[in-house]
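This report describes the pockets of one protein model and the residues that line them.

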Amino acid sequence: MADLTLTGKNPTTLTADALVVGTCSTSDGVAVVADQLPAAVVEQLETLAPRLGVSGALGEVRTVPAGKDVAADVLVLTGLGEREPDGTFAHETLRSAAGSAVRSLAGSDSAVVALPAVDADELGAVAEGALLGAYAYTAYRADQAAAKQAPVARLQLATSFARSAEARTAAARAEILATAVHGTRDLVNTPPNDLFPASFADAAKTAVKELGAKGVKVTVLDDKQLAAGGYGGLTGVGQGSTRGPRLVKLTYAPAKATGKVALVGKGITFDTGGISIKPAAGMDSMKSDMAGAAAVLHTVVAAARLGLPVAVTGYLCLAENMPGGNAQRPADVVRMRGGKTVEVLNTDAEGRLVMADGLVSAVEDGHDTVLDIATLTGAQMVALGKRVSAVMGADSVRDEVKVAADTVGERFWPMPLPEELAEGLRSKTADIANVGERWGGMLSAGLFLREFVGETPWAHLDIAGPSFNESGAFGYTPAGGTGVGVRTLLGFLEARAAS
Ligand code: BES
Ligand code: MN
Ligand code: ZN
């Protein structure tokens with residue numbers, strides 16, 4: 001994690017590799033917008049903008065020599081697009097512009113960020129974007145290319161209210177949040193030969209200890225305990241692998257809690273499809289099929305580090321879906337935790353099987369709300385593309401998640417659970433089948449999960465596409481694991497804590 005400090009000094013006087021300022025498009029050209037930048041510097045840049053090819057569009061980043069009036073070596077001009085009607089910039093715009101700029105500085109050591117932030121919330125958004133953009137996954141690189149890619153190590157945020165308590169709180173929150181997102185990305189990016197259910201469970205213990213998540217208790221059920229405990233979903237999916245399944249429970253229960261929320265995450269450390277095996281092309285991206293569990297782990301850790309006054313239990317449903325000699329077959333019937341039987345018609349619809357056990361556990365433990373998050377269906381991407389996640393479930397919880405997502409700047413969209421699709425999940429042999437009709441696959445999956453939450457208010461987040469970026473980096477989002485979901489889940493918990 002880059003080291004982040006606040007400074008009230010004039011940013012042009014600060015020595016650094018780069019000084020980041022904003023540009024935006026106005027009715028009469030390009031404006032330079034930055035915190036505390038001297039008028040002369042602003043005027044010069046605005047005059048030169050057309051010749052520098054700077055338009056101020058969001059996502060645009062231009063690096064120019066800084067000139068004698070600025071102590072930093074270069075100026076990084078990052079586009080903010082257009083102002084909101086009230087003259088400010090949207091928080092997500094600030095995050096994204098800060099992220100693009102900092103990302104472009106990979107290989108440099110230090111940067112001063114002087115984007116316009118009129119209050120602590122805006123400052124927090126700039127801090128988040130900058131820290132989220134300062135990420136690279138280099139754990140497995142022995143070559144020198146890794147050093148060139150290293151993210152900026154030191155970030156100074158220039159702000160006129162550097163000394164205010166609100167500014168410090170906002171920066172501290174941004175640091176905790178970015179640590180959680182980075183931790184999630186790291187787990188998603190970890191190769192599946194090294195990340196399997198048992199090593200994921202170890203990683204959960206390590207994260208709790210090393211990040212100082214005080215008061216978080218970790219318990220692990222191994223494959224034998226899961227079989228003995230009647231967790232037929234985890235057992236069935238995990239039995240095709242030599243590396244058995246695990247159910248990790250993370251408990252954060254502060255003294256003065258305003259409520260008790262369960263977070264259940266899908267943690268398929270690799271999804272081959274099992275006997276209903278997937279095509280070879282693109283199968284490598286199925287190392288990311290544990291992104292939901294990673295997000296849950298780091299959300300619980302962050303909630304504890306923030307000291308949120310709400311009890312949170314995380315359930316990580318960990319298994320590797322492999323076609324080994326003992327793998328489950330299409331037509332197998334498994335008995336889930338709680339007793340419901342499921343006919344496994346397609347072993348590639350494994351996520352809902354492990355999630356069912358997690359959801360039942362969450363309900364057994366008594367929670368006023370259950371949220372689950374999973375890379376559950378390819379149909380999610382058909383419906384919403386690679387950058388917009390889906391949320392479905394009980395109307396009020398679904399809407400609460402949507403509000404939380406909007407507030408933190410993650411893109412989620414509400415989806416229905418049409419009753420008629422539930423018929424498609426009927427089984428000739430068991431209580432329910434694990435696949436339904438062809439159309440609306442994301443919704444059928446949601447309806448399947450609904451069978452296991454009883455009366456508990458619940459919402460389901462399908463992050464199949466957005467959790468893993470197979471294209472180029474953009475804004476504060478890198479290629480590979482994105483860490484999506486962490487900020488929404490935290491935003492949800494923060495809103496509950498404030499209510
Ligand atoms: N892990 C996949 C869903 C997925 C696909 C996530 C692509 C991210 C990218 C899930 O286990 C799966 O295979 N789902 C099947 C369900 C089908 C067999 C009903 C799917 O979506 O094709
Ligand atoms: Mn699958
Ligand atoms: Zn899967």
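## Terms and model

Helices (H or I, at least four residues) and strands (E, at least two) are DSSP runs, and they are numbered from the N terminus. The model discussed here is predicted.

## The largest pocket

The largest pocket holds about 690 Å³ of space. Its lining is made up of 39 residues, and those closest to the centre of the pocket are Arg 352, Leu 376, Thr 377, Gly 378 and Ala 379.

Four elements, namely β10 (260-271), α10 (351-364), α11 (379-384) and α13 (441-450), each contribute at least two residues to the lining of the largest pocket, and the largest share, five residues, is supplied by α13. Sorted by residue class, the lining of the largest pocket consists of 15 nonpolar, 13 polar and eleven charged residues.

## The second largest pocket

For the second largest pocket, the volume is about 540 Å³. There are 26 residues in the lining of this pocket, and Arg 387, Arg 411, Phe 474, Tyr 476 and Thr 477 are the ones that lie nearest its centre. Two or more lining residues are given by each of α2 (91-104), α5 (165-189) and β19 (468-469), with α2 providing the largest share, three residues.

By class, the lining of the second largest pocket comprises eight nonpolar, ten polar and eight charged residues. In terms of domains, at least three residues of the lining of the second largest pocket come from domain 1 (3-163), and at least three come from domain 2 (180-498).

Technical notes:
Residues numbered from 1 in each chain as written. Chains lettered and ligands numbered in written order. Predicted model: local features only at pLDDT ≥ 70, side-chain atom pairs only at ≥ 80, totals over all residues. Heavy atoms only, no water. 1 Å grid on protein atoms, 1.4 Å probe; cavity = no way out; pocket = protein on both sides within 12 Å on 5 of 7 lines; lining within 4 Å. Points joined across faces, edges and corners; volume = space filled by probe spheres on them. Nonpolar A, V, L, I, M, F, W, Y, C, P; charged D, E, K, R; others polar. Domains from an automatic or database assignment.
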